[in-house]
Amino acid sequence: MISSHALQMSRRDLLSAAAGCTLSFLLPPLLGRAADERGPARAKSLITIWLGGGPSQLETWDPHPGTVIGGPTKAIETRLSGVQIGADYARTAEQIQHLSVVRSLVSQEGDHERGAYFLKTGYRPDPTTIHPSLGALLTQQVPSDSVEIPLYVSLLNSEFPGRGGYFGDEYDPFKVFDPGTALHNMEAPVDRSRLAKREQSLAVVEQSFLKGRKVLAKGTLHAETIRKARRMMDSTQLKAFKVEEEPAERKAAYGDTSFGRGCLVARRLVETGVRAVEVNLSSFDTHANNFEFHTGHAKTLDPALAALIQDLKERDLLASTIVLVLGEFGRTPKINPLDGRDHWPTGFSCLIGGGGLATGRVIGATDPTGEKTAPTDPVSIQDLFATIIAQFGINGAHEMMTPIGRPMKLCEGKPLAALLT
Amino acid sequence: MRLRSWVTRLAPIGVVCGVAWLTAWASRSPLTDRRIPERGVATTDVAAPIAAIDRHFQQEWTEAGIVPAAAAPDLQVLRRLALALVGAAPSLEEIREFEADTRPDRLAHWTRRYLGDERFAEYFSERLARAFVGTEGGQFILYRRDRFKEWLAAGLEKGTPYDELVRTMISADGLSTGEPQVNFVAAALNDSVLDTNKLTGRTVRAFLGQRIDCAQCHDHPFDHWKQRDFEGLAAFYGQTKQMITGIEDRLTLDGKPVEYSVEDRMTLKQRTVEPRVPFLESEIPAEGTRRARLANWVTSPENRRFDRAIVNRMWGLLFGKPFHDPVDDLPDPDEAIPALDLLADDFRTHGRDLKRLIQVVAGSRVYQLDSRLADEMSEGEIARAEQEWAVFPLIRLRPEQMIRAMRQAASIQTQDHQSHLFQRIPRFFQEIDFVREYGDLGDNELQDRGGTIPQRLLMMNGNLAHENMQATPITASGRIANFARSDEKRIEMAYLVALSRRPTPEEQAHFLAQLSGKTGDERGPALEDLFWTLFNSTEFSWNH
């Protein structure tokens, strides 16, 4: 007979009890599998390194040293023969062979909010609907039952965070502003039996509210959000948010910055089976002192990005994890009188790779004189999105119904053959 | 001897207590009468516009074949009113008084009473300040958001016409401290230089309910706004300078005429732009400073955008979501929005009185509908009813409403400016902490958003929630545990302070079973559990 005390045990209690009694063979085989599986067979994840404000392609992945538009930025050789990147990215240059470089992204949005919307959703802003961001789309299309923490996580502050859009707010990312530290409010202030009693009472009160409001109350997702919060409170997977267990040298490799910790947490989350993670690094909006700012930001970005790629590779997670590095647009080839660069949505760069995509490719080129606006082999935002979506095994042409009854394709573009192997 | 040593030992404590008592006494409100009903609110006759609005909606519903929800219970409407107008749920004190009020139009009286409450001016000035100047801190000393908010609150309290408020803030000269209305302009100072683009975008969004910001760099992609429309409007702020004596318009500076010029994005050359309005040229006065002329044009009775925009915003603040969403992206006025147009006409022709507008909306049938519908309605029918405002929407309470409702529920007495200093100080800090953790919605607080996992965790496990439900001699749960006459009364009082209603028979039976047999100290935890349950319900977190 099972005592009433045992019934009140959480999954966490049960797990530790089972392990302690060497009854681990009783554990359901699915648990922990996501964390153990490796290689291309593993379910796919996406890590987006979002460079808010619009990073300069010329100071990062598409330098033109020695030209009028290149400014003082120097270039260095990388592990990809013949491919140079900005000299501030020496460590990334050692890892870039695992990714590809796209130097010909073309957007039509030169405003931060509109640009960020486009580069996060694959759709230009539309006054009649809000599109889901890529992370929300992947989470909605590829759910997971074994992950007890949110499947879509945004680390550090972002001015225009991703949204669930017409999928609903339940697909909004779970936001962590200070990654690496313990999450807040995860412990109930009362013991387990009292919490259980409270929850039983809550069901009674909710029942009264539902009378005559079944549909509207369902739309609030209140009960659903509580259920998710409770499941998270009891989960051992919460440790993915912490970096304490990581060895000191690894933490040092990512850099002692909140962004570095964010990238390390991103790896831990992906390892746990989280579908989509955004790590935000902002203030790339360098209308003045472009070169100084970019060199400063590189000190944060370069070690974290390089360590992330290396770490994923060493753990055999890169084959299942797409890493995407981009911002809402690039910056003008022309250097303005304040030594700055302005918004430039035509011909900017991103890094993309992992998750079974091609490696070591370089797509497109911008004009070293800065006279020609259009790059060679232009890549549309829609096609970039279609490539990622296809790699997750999702049919991008599939039509979803928005709440106002308007059919909408998941994605407007076509996958890029050059990035698919 | 012994007595003397006791006196010496206790003296410092006595001094501390004395000072504390004196401080609290000195900072109490000079008004001893807690309730001055409907103070400062002129009794205007709002029957005619209410009837017109009611007729309009009834006609829409009839034509669409929609059966609207029944009228909501009065207490439920009172809760909506309190949350919308003073940001807190009604106190037990207020509920008792309301229930004893036998006037047939008691809701209209209580609307006026909340409008006359000092909490209204304080609360609404913050809501309007968010639309007018945003939530940013701005430039130190040259911008004083707190002073601007106080000035707005004073205007609301006096009942200054809305157009006068707006005209004053657009055209005012002076220093941020002495002339608090200039802070509308000063909010756009950046390194002591006015960001005319920011100010122009905000002027059009906040006062005309339209977004032309993206015409700053290019023609609006789907509207008719052109870049030159934006530049022409921005030129009205082109002579505004921050001088040693504060904000003022200058025709000349250092002997040179002040012109407004913009840098061409393609050629990087400066070109001069003359002030020009994109529509209603006839309403721009020939005389006055550029800002004064702009202020007159914005607030002109012919400028229908002005009235529609504020009506839509006030609707949003009362219902939790604007009539037209987003609140600051209304179509041009030649595209009719009958409900807004009706309200806007009444507003314009009755002194642009914000309190009257609130009374009209709050007095209408559509505001007083239940959020419950007949169970047999299909999902499609419910969706249509929701779209046509035939049922009161469920809207997530904003963070400041959540913490104020929770604090109010933790107390029996009304928590307002007349509360004791020892209650007001923690209230102030608790609010700031809670709003930050729950997620401040910033400038766009009327966006329709769902709840998040961190919010639920904060309510279930957070310190603030825990403190407010803990049974102590000063909290509601503690006082109810100790002083209510019976368990039935205890449950009823908890429901009234937390949810502004009485328990259903099922709820009553459930909690009676939980409380039965508990005496003395055991009652405290049981009441805490009851409060936890109510605080974590959908009903508590969502306006309904």
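Which domains does the domain assignment of chain A give? The answer is domain 1, made of residues 42-181 + 251-409, and domain 2, made of residues 183-241. Please keep in mind as you look around that this is a predicted model.

**Chain A and its two domains**

Taken over C-alpha atoms, the centres of domain 1 and domain 2 of chain A are separated by 35 Å. Where the two domains touch, domain 1 of chain A brings 10 residues and domain 2 of chain A brings 9 residues. On the domain 1 side, helix H11 (residues 258-272) of chain A has the largest share, with 4 residues. That side of domain 1 of chain A is made up of 5 nonpolar, 1 polar and 4 charged residues.

**Chain B as a whole**

Chain B holds 25 helices and 10 strands. Its radius of gyration is 26 Å, close to the 24 Å that the globule rule gives for 544 residues, so chain B is as compact as a globular protein of that length. Along the principal axes, the C-alpha atoms of chain B fill a box of roughly 85 × 80 × 45 Å. Of its 544 residues, 45% count as buried. Among the contacts in chain B with a separation of 6 or more, 69% come from residues 24 or more positions apart.

The domain division of chain B gives domain 1 (42-70 + 308-393), domain 2 (120-298) and domain 3 (399-543). The C-alpha centres of domain 2 and domain 3 of chain B lie 42 Å apart.

**Where the chains meet**

In the contact between the chains, 39 residues of chain B meet 42 residues of chain A. On the chain B side, helices H16 (379-387), H19 (453-461), H23 (505-515), H24 (523-535) and H25 (538-541) each supply at least two residues. H19(B) gives the most, with 6 residues. By type, the side of chain B that touches chain A divides into 14 nonpolar, 15 polar and 10 charged residues.

**A helix worth a visit: H22 of chain B**

Helix H22 (residues 487-499) of chain B has 13 residues and spans 18 Å from its first C-alpha to its last, close to the 18 Å expected at 1.5 Å a residue. Its buried residues are Arg490(B), Ile491(B), Met493(B), Ala494(B), Tyr495(B), Leu496(B), Val497(B), Ala498(B) and Leu499(B). These buried residues pack against helices H4 (92-100), H17 (399-409), H21 (476-483), H23, H24 and H25 of chain B. Just after H22(B) comes Ser500(B), with a positive phi of about 55 degrees.

**Backbone angles to look up**

Most residues other than glycine have a negative phi, and most peptide bonds are trans. The table gathers some backbone angles from both chains.

| Site | Angle |
|---|---|
| Leu221(A) | phi of about 60 degrees |
| Ser283(A) | phi of about 60 degrees |
| Ser500(B) | phi of about 55 degrees |
| Asp325(B) to Pro326(B) | omega near -5 degrees |

Leu221(A) lies in the loop between helix H8 (214-220) and helix H9 (222-233) of chain A. Is Leu221(A) partly exposed or buried? It is partly exposed, because 19 other C-beta atoms lie within 10 Å, while a buried residue needs 20 or more.

Ser283(A) is in the loop between strand S7 (276-281) and helix H12 (290-314) of chain A. Ser283(A) counts as exposed because it has 12 C-beta neighbours inside 10 Å.

The peptide bond from Asp325(B) to Pro326(B) is cis. You will find Pro326(B) in the loop between helix H13 (304-319) and helix H14 (338-349) of chain B.

Notes:
Residues numbered from 1 in each chain as written. Chains lettered and ligands numbered in written order. Predicted model: local features only at pLDDT ≥ 70, side-chain atom pairs only at ≥ 80, totals over all residues. Contact = placed C-beta atoms within 7 Å. Nonpolar A, V, L, I, M, F, W, Y, C, P; charged D, E, K, R; others polar. Domains from an automatic or database assignment. Expected span 1.5 Å × (residues − 1). Rg over C-alpha atoms; globule rule 2.2 N^0.38 Å.
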